[in-house]
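Here is a short report on one model. It covers helix packing and the nonpolar core.

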Amino acid sequence: MTDIETLLSRENLKTLKNRINEIIAKRNWFWIDDVDDVIQNTVLIFIDAFNRGAFTFQGEDKLIGFLIKTAIFNMKASQK
C-alpha cells in the first residue's frame with residue numbers, strides 16, 4: 001500500500017501547482033489569487049478521500065488527474 005506522503009511528493013505537488021496556474025491563465029479565472037490555498041484545499045480533500053478508501057492508487061497519471069479534477073472543482077466552487 002502506498003502512503004500519503006509518497007503520493008503527495010514534492011514533484012506531484014509541483015506538477016499540480018503548474019497545472020493549476022495553466023488552468024487559471026487559460027480560463028481567465030482572475031478571482032483565483034492564491035494558488036497555494038487551492039493546493040492546500042485539494043490536499044485536504046485528497047487526504048480525506050484516501051483515508052475513507054475513496055481513492056485507490058492506480059498510477060501517477062490517475063493520481064495527478066484526481067488532484068487536478070479536485071482542484072478545478074474547488075476553484076469553480078470558489079467562484080460562487
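## Helix packing and core

The model is a predicted one.

Those buried residues are Val35, Val38, Ile39, Thr42, Val43, Phe46, Ala49 and Phe50. They lie on the same side of helix 3, because their arc around the axis is only 130 degrees. An α-helix has 3.6 residues a turn, so residues three or four places apart point the same way. Asn51 and Arg52 sit on the other side of helix 3 and are exposed.

Helix 3 counts 18 residues. From first C-alpha to last, helix 3 reaches 26 Å, close to the 26 Å expected at 1.5 Å a residue. At its start, a side-chain oxygen of Asp34 comes to within 3.3 Å of the backbone nitrogen of Asp36. Gly53 follows helix 3, with a positive phi near 85 degrees.

The largest nonpolar core holds 24 residues. Leu16, Ile20, Ile24, Trp29, Phe46, Phe55 and Met75 touch the most other members.

Leaving out residues up to four places away in sequence, Ile20 touches Val35, Val38, Ile39, Ala71 and Met75.

Asn74 is found in helix 4. Is Asn74 buried or exposed? Asn74 is buried, because its relative accessible area is 18% and buried means under 20%. With residues up to four places away in sequence not counted, Asn74 touches Asn41, Thr42 and Ile45.

Definitions and conventions:
Residues are numbered from 1 along each chain as its sequence is written. This is a predicted model: local features need pLDDT of at least 70, side-chain atom pairs count only at pLDDT 80 or more; totals for chains, interfaces and linings use all residues. Side-chain values use heavy atoms; hydrogens and water are left out. A nonpolar core is a set of buried Ala, Val, Leu, Ile, Met, Phe, Trp, Tyr and Cys residues joined through side-chain atoms within 4.5 Å. Buried means under 20% relative accessible area, exposed over 50%, partly exposed in between (1.4 Å probe, protein chains only). Contact means heavy atoms within 4.5 Å. Helices (H or I, at least four residues) and strands (E, at least two) are DSSP runs, numbered from the N terminus. The expected span of a helix is 1.5 Å times one less than its number of residues. The arc is that of the directions from the helix axis to the C-beta atoms. A polar contact is a pair of N or O atoms within 3.5 Å; within protein, one must be able to donate a hydrogen and the other to accept it, and residues adjacent in sequence count only if both atoms are side-chain atoms.
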